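Visitor: I have a structure open and would like to go through it. Can we start with the terms?

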Amino acid sequence: MRIRRSVTRIFGLSVLPAVSCAVIAYFGYYAVWGERGMLALSDVQAQLGVRKDRLAQAQDVRRRLEHRISLMGSPNADPDLIEELSRGRLMMAPPGAVAVPRSGH
């Protein structure tokens, strides 16, 4: 009877530290190797760098397009730009002129 009490007492006193160690180990594991852990940080930073580059390229393209639109939309539109667009996009030209489509604009 006395042994049984001492075993249950030792077991009862060791349950709380064991559970605490298990919880700390669980969260510690995922803090380092988890989906959002320390090791995944470098992958996320690499993806962020790539996406920042793509954003910079898209902003540059947008800035160039906005500039071209502003040249066409003003009351005194740039006649060279209007002619370039009409020839390139619509294949319109004065009689006797040859229009050759180009890609890359």
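Guide: Start with exposure: a residue is buried under 20% relative accessible area, exposed over 50%, and partly exposed in between (1.4 Å probe, protein chains only). Y30, at 42% relative accessibility, therefore counts as partly exposed.

Visitor: What kind of model is this?

Guide: It is a predicted model, where local features need pLDDT of at least 70, side-chain atom pairs count only at pLDDT 80 or more, and totals for chains, interfaces and linings use all residues. Residues are numbered from 1 along each chain as its sequence is written, and side-chain values use heavy atoms, with hydrogens and water left out.

Visitor: How many helices and strands are there?

Guide: The protein has three helices and zero strands. From the N terminus on, the order is α-α-α. Helices (H or I, at least four residues) and strands (E, at least two) are DSSP runs, numbered from the N terminus.

Visitor: And how much of the protein is buried?

Guide: Buried residues are 4% of the 105 residues. The accessible surface comes to about 9,800 Å², and 63% of that belongs to carbon and sulfur atoms. Such areas come from the Shrake-Rupley method with a 1.4 Å probe; for residues, only the protein chains shown count as cover.

Visitor: Which residues make the nonpolar surface patch?

Guide: F11, V15, V19, V23, Y26, F27, Y29, Y30, V32, W33 and L39 make a patch of about 1,100 Å². Helix α1 (residues 2-33) gives the largest share, ten residues. Patches are made of residues with over 30% relative accessible area and no salt bridge; like charges are joined within 9 Å, and nonpolar side chains (Val, Leu, Ile, Met, Phe, Trp, Tyr) within 5 Å.

Visitor: Is F27 buried or exposed?

Guide: F27 lies in helix α1, and at 54% relative accessibility F27 counts as exposed.

Visitor: How many aromatic pairs does the whole structure have?

Guide: A search finds four. Y29 and Y30 form an edge-to-face pair, 5.1 Å centre to centre with 85 degrees between the planes. Y29 and W33 form a tilted pair, at 5.5 Å and 35 degrees. Rings of Phe, Tyr and Trp (its six-membered ring) pair if their centres lie within 6.5 Å; planes under 30 degrees apart count as stacked, over 60 as edge-to-face and the rest as tilted.

Visitor: Where are Y29 and W33 along the helix?

Guide: Y29 and W33 are four residues apart in helix α1, so about one helical turn separates them. Y29 is partly exposed at 43%, whereas W33 is exposed at 54%. Ring pairs link Y26, F27, Y29, Y30 and W33 into a cluster.

Visitor: Which side chains meet in them?

Guide: R63 meets D60 at 2.5 Å, N to O, and R64 meets D60 at 3.5 Å. E66 meets R62 at 2.9 Å. R63 and D60 are three residues apart in helix α2 (residues 38-73), about one turn. E66 and R62 are four residues apart in helix α2, so they too are separated by about one helical turn. Salt bridges that share partners join D60, R63 and R64 into one network.

Definitions and conventions
A salt bridge is a side-chain nitrogen of Lys or Arg within 4 Å of a carboxyl oxygen of Asp or Glu.
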